[in-house]
Amino acid sequence: MMNIQQIRYNKVIKFYQILPPDLLQELLNALIPNLNRKIKRQLKISDSKTSDTNFLIAELLRPETQELFVDTAYNIIIDKVGFTLEDTDYNQFIASYNDKNKYYNTMFFFKWCLVNHDLYFKEFVDSKLFDNILNGVSIEGSLSNPTIAEKPIKLQKDDNDTDDKPIEKCKEVHSMKLLGRIEKRNNYFNFFPKYEFVNGRYEEISKAKLKQDFPTIGGINLSYTFKGRSDTFLGYEIPADLDTDPFVKSIYLANINDDDIEDNDDYSGTYLHKIDLEKLHQNGKHLKDVVQNIEGLNIYKVVTNESTMPIDFTSRIILLKESDRLIEGESVVLFYQNKYYGPFTVSFRSQDGKFYINIDAKENNYLVSYYLASSVTTLEFEKQARFEELQITKFVYITGDNLFEDVITDEILINSIVDDISLDLAKESPEEFARKCRNSPYFADSDYSENRIKRLMEILGKADEFTIQKRSIFNSLFKSFVSEQQVIETDWYLDLESKKDDLIKKQEEKDKKLKELSEENTTLKTKLADLNNAKPNEAPAEEIEKLQEEIKRLNEEKEALQEELEDTTELIQTTESIEDLKAEQIKYEAQNDLLRKQKSKLEKEEDELKERVKKIQNEVSEAISRGFKDVADKAFEPYIAGKMIEVVSQESSRTEDERYIKIHNRLERTNVSELQGSDLIDYIVKYVQSQREYGYNDIVNIYICVALNFITIFSGEPGTGKTSMCNIIAKSLGLLNYGDDDINRYVSISVEKGWSSKRDLIGYYNPLTRRYDKNNSKLYDALRILDLEQEKSLFPFLVMLDEANLSPMEYYWADFMRLTDRSSINDTRINIGLEKDIYIPETLHYLATINTDQTTEKLSPRLIDRACIIKLPKVKVKDNPQTDSEEFQIITWDNYIGAFTSQDDTEYNQNTNKILEKIYNLFEKYGMNISPRIQEIIKKYIISAEKIMVENNGATKTQVAIDYAIVQKLLPKINGHYEFLKSFFDNLKTLCKEYHLNLTNAAVEQIVEAQDRNMGYCQYLI
């Protein structure tokens, strides 16, 4: 089914095909010598006497040679018409038609359309007059109403088909996302879909439906012009499988509409439908958007280990089994033990022709990412059944979150410590050894540190030399990871605390008993001394016998005391109880020293008492040691181990949140400027002009762009003051005048080469430490503060990316790219790796500076479509600019956008709409698509700018606004060869002169002038 544009195009082709033979031959004789050799080779033209002139004319009217064709036709008939390109009136021209001049006039008209931007083209081609010319009907009587066609013209190529068919009505367009493989057979490329992406998942299409929708075998021919753009695209950018391959190597996602699928009239037999990629390309579609590689779609090829031995993930390289169907550089997942590990990048080893993946577990702290089978959807692809053995290539579509497996071995674990920490330190200073262990990255992740600490303690416990030290080591680790309050709140602590009170009470009773024993020992000593000094016959036998009974009783009481002490072996270890017991130990030792001095003269009974006291001392020491062991055993319980690192992370997060709340509260107390409307504009213009010799409109334009666009990019030659202009904007809005760096609202970031993701721009959440590792703390702080402010954000916040295109912006700035539209609630939040998404209020805008040389990256069409690009001129810096010490007023966001933007939903006036329609049509005619997004932002810009800009060089306020909009939103799209764009530039300059678009005209002249130095290559951003 053809659309109306295709119908008109085919009508023009038919006109030239029905020219009188002599006139047609004259046209070809003049045209073919001017064709370049490349086109001649493509069309297999050796001279003008080609056997298929109809085919030749159709090919020569393609966009790349269309202008040359029309110019040549015009040159051979110019003497036969009485009109000129400059002053022809359409109505008078139509009135001059007759059967004798109809061919000459029409050839003149098509040239006139090129000069006048296809003015009246639609009316003429759709008219009854033109239909009569094509059908060989006399044009007499058709001039009264030439713009109405009574009978649609026949456009079928089949000469045997004589039935005229009316133009089909447009039907609702159905979009499809088809996942399949591309197969190259000879010089043909065919696409075989197997799955369709519907409602967030890939659903397999039945074979019956495939054959019904894409007869005869479920495939679609990818049509292209020989050696055209799509041929290069299919041959190099999207390498296809060969039809002789017995298996599938690559799959692709085709993003197509049902009206992209045409009948395949040029290819008979197997593939009855085609997608004309060349036509889609000419209509402004990017082929990479039509046929999309699976990179970035969460789809990965599944691979397995070549060896049958268990996989050692600590080894760097794993050889792959599927070497015959792998492609170097593609992303894959490794299937092992019912898990999908990865993704990893496939590499090729030339010495033995092996494909492999580099695990590099060490770089990720020996934590390897994997997906469970429940987190993926399996996609299987195979070739046609003509191969004897069906070879299935498996892919998976990731639908769930990844997990991590700890693959560190005991050897690596202990070596990781030994490399930085001597094991001798564990014996010499257990506390220092524990401190260094805590700082090791191998114990930083709370999810895995518990198991690793246990394993390390088990390793140390295997050696006798560490039996004593390991308790002290653990005690140091334990104190560092667990707070005193956490220990006190545990059940096991409360239970031991009650036992401790009982033990202390018993200990006090024993202390009292020991004191009484000491006093009795002193009495015994005195009595024995008296007995020894007494004469034998003076010592009564009864008294000696009584004394011996007392000694015996004393020994029995000591033995009973010893048995009671042996019953008190269960002690609780807390810092307080251990210190109390140690104090008691010191007291006992002092008492024992005193007893030893007294017992020097005592007999054997006192020696036995001394030994028993020593035994009590040893039992106390053993009780203290057992207390350490009890705490160690309890500390490895899940509650304590799980809290060791979590408490550090929570405390850090709480402190961070409190800091941001304080900053937010300080901002709410800020004294703000009362400047609004024109007063604010005058204030800003005056300050900027004190720094740069910019005109009023230039300054107003910059501030309108910053207000309307999420990102404004400043381009220009080195020395044009791109970076300093960003600083000037920040100062003029008072963004550096809030008091200190914590609450200032301007962040400058120097972009570095090699940035590839947001972790380079902001940072990333480290799951090992449960903290956010900031690459730029000021930007991280800014996002956290803005998230706290939400819709209540009062002041502008600008982030400047200096040298932004040293790395591809669409890589490291990708998460912010979709915020440029803010068309839904999903376009107000981004995820930077924290537990919740960050809200981005409308007060945050980006500035960027770029250079255009061989050291930088080109801006992608996607970014150009979303950004406003201002090319700064070289101007003289003021000799005595306003210094930073002077006071700047703090401007609120509402006052800023109120002064520089319009919130009215008004439409263009008729004249503005006419100018823009001509300009849009001209750009789109040469393959530069003007998206609805661009048209909408241009509309907002013009409505805002025409109210506050001033007339300049004969241009009205509206024309000045249109001029700036074209330069900043449309000219950056120019990207091509001068030979193709020459007439585009001529037509654009004609419009510039007609509507006083002075800036656009000057920019076009610079592009044309620069193409001589760039081998004919034309681009605005050079």
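Modeller: The expected span of a helix is 1.5 Å times one less than its number of residues. The structure discussed here is a predicted model.

Biologist: How many residues does helix 35 have, and what span does helix 35 reach from its first C-alpha to its last?

Modeller: Helix 35 covers residues 932-948, which gives 17 residues. At 1.5 Å a residue the expected span is 24 Å, and the helix in this predicted model comes close to that figure. From its first C-alpha to its last, helix 35 reaches 25 Å.

Biologist: Which elements are included in what covers the buried residues of helix 35?

Modeller: The buried residues of helix 35 include I934, I937, I938, Y941 and I942, and K939 and S944 are also among them. Part of their cover comes from helix 25 (677-691), helix 26 (696-708) and helix 32 (861-866). The cover also includes helix 33 (893-900), helix 34 (910-925) and helix 36 (957-970).

Biologist: Where do R659 and D781 lie, and how many residues apart are they?

Modeller: The side chains of R659 and D781 meet in a salt bridge, at 3.4 Å from N to O. This pair links distant parts of the chain, with R659 in helix 24 (residues 638-668) and D781 in helix 29 (residues 777-789). R659 counts as partly exposed at 31% relative accessibility, whereas D781 counts as buried at 14%.

Biologist: How many salt bridges does a search of the whole structure find?

Modeller: Side chains of opposite charge can pair when their charged atoms come close. A search of the whole structure finds 21 salt bridges.

Biologist: Which side chain makes a polar contact with the side chain of R745?

Modeller: R745 has its place in the loop between helix 27 (722-732) and strand 20 (746-750), and at 1% relative accessibility R745 counts as buried. Leaving aside neighbours within four places in sequence, the residues in contact with R745 include L667, Y738, I785, E789, F797 and T843. A polar atom of the R745 side chain lies 3.4 Å from the backbone oxygen of P796. The side chain that makes a polar contact with that of R745, at 3.4 Å, belongs to S793.

Biologist: Which two residues touch the most other members of the largest nonpolar core?

Modeller: The largest nonpolar core has 130 residues. Not counting residues up to four places away in sequence, W813 touches F710, I711, L761, L801, T820, Y846 and L863. Apart from this core lies another of 46 residues, among them I57, Y97, F109 and L129. Within the largest core, the residues that touch the most other members are L801 and W813.

Biologist: How far apart in space are A254 and M176, C-alpha to C-alpha?

Modeller: A254 lies in strand 6 (residues 252-257) and is buried, with a relative accessible area of 5%. Leaving aside neighbours within four places in sequence, A254 is in contact with M176, K177, L178, F191 and V290. A254 and M176 are 78 residues apart in sequence, and their C-alpha separation in space is 7.7 Å.

Methods
Residues numbered from 1 in each chain as written. Predicted model: local features only at pLDDT ≥ 70, side-chain atom pairs only at ≥ 80, totals over all residues. Heavy atoms only, no water. Salt bridge = Lys/Arg side-chain N within 4 Å of Asp/Glu carboxyl O. Helix = DSSP H or I, 4+ residues; strand = E, 2+ residues; numbered from the N terminus. Buried < 20%, exposed > 50% of the residue type's maximum accessible area, 1.4 Å probe, protein only. Contact = heavy atoms within 4.5 Å. Core = buried A, V, L, I, M, F, W, Y, C linked by side-chain atoms within 4.5 Å. Polar contact = N/O pair within 3.5 Å; in protein donor to acceptor, adjacent residues only side chain to side chain.
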